[in-house]
Amino acid sequence: MQPVVCELDECVIMNCPTCANDTCSAVGQTCEDVNKDPDSNLDWTCTCPSPGIGSATAKVAECVCDECLNNDVCSNANQTCFDEVKTCPPGNDWTCECVPPSFDKDIAKPAICTFD
């Protein structure tokens, strides 16, 4: 006879003090409890939805949306991409900046580089 294996998925069980209780899903994140051992508590994680990057254990994750990741617009124009505001959802506020000795920048598209 096989012993009974008890599991506690803190992402699924509701109304328990160590469970996620919709913490992740309430903000559009996914919850995962890798270790379902009943003695392993507060080890569930919230993970950001794409394009956000981030995860946190036993709390809502702080998501980062860097619009320069996987964005070839600037590099294809031999310029540098900068995204100073990395909040989610993305705000289409990234800039292409010219490489010295040229200068100038533009928002969400290649800049028209000028020389002094």
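Colleague: What is the bridge partner of cysteine 46 in β3?

Modeller: The bridge partner there is alanine 56. This is a predicted model, where local features need pLDDT of at least 70, side-chain atom pairs count only at pLDDT 80 or more, and totals for chains, interfaces and linings use all residues. Residues are numbered from 1 along each chain as its sequence is written, and side-chain values use heavy atoms, with hydrogens and water left out.

Colleague: How many bridges are there between β2 and β3?

Modeller: Strand β2, residues 45–47, pairs with β3 over 3 bridges in the antiparallel sense. Strands here are DSSP runs of E with at least two residues, helices are runs of H or I with at least four, and both are numbered from the N terminus. Two strands pair if DSSP finds at least two bridges between them.

Colleague: What is the strand order in that sheet?

Modeller: The order is β1-β2-β3, an open sheet of 3 strands with antiparallel pairing. Its edge strands are β1 (30–32) and β3 (55–57), each pairing on one side only. Neighbouring strands are turned by 20 degrees against each other on average, direction ignored. For the angles, axes are lines fitted to C-alpha atoms, for helices over the stretch in contact, and values run from 0 to 180 degrees between N-to-C directions.

Colleague: And the sheet with β4, what order does that have?

Modeller: That open sheet has 3 strands in the order β4-β5-β6, again with antiparallel pairing. The edge strands are β4 (80–82) and β6, and each pairs on one side only. The twist averages 25 degrees from one strand to the next.

Colleague: Which residue in β5 is the bridge partner of cysteine 81?

Modeller: Cysteine 96. Strand β5 covers residues 95–97 and is joined to β4 by 3 bridges, with the two running antiparallel.

Colleague: Another cysteine, then. Where does cysteine 113 lie?

Modeller: Cysteine 113 is in the segment after β6 (105–107). Its relative accessible area is 29%, so cysteine 113 is partly exposed; buried means under 20%, exposed over 50%, and partly exposed in between, with a 1.4 Å probe and protein chains only.

Colleague: How many salt bridges does the count come to?

Modeller: The count is 1, where a salt bridge is a side-chain nitrogen of Lys or Arg within 4 Å of a carboxyl oxygen of Asp or Glu. It joins the side chains of aspartate 106 and lysine 109, at 3.8 Å from N to O. Aspartate 106 is partly exposed at 26% relative accessible area, and lysine 109 is partly exposed at 45%.

Colleague: Changing topic: what are the elements of the chain, from the N terminus on?

Modeller: They run β-β-β-α-β-β-β, which is 1 helix and 6 strands. The radius of gyration is 22 Å, well over the 13 Å from the globule rule for 116 residues, so the chain is more spread out than a compact globule. That radius is taken over C-alpha atoms, and the rule is 2.2 Å times the number of residues to the power 0.38.

Colleague: What does the C-alpha trace span along its principal axes?

Modeller: About 80 × 30 × 15 Å. Buried residues make up 28% of the 116 residues.
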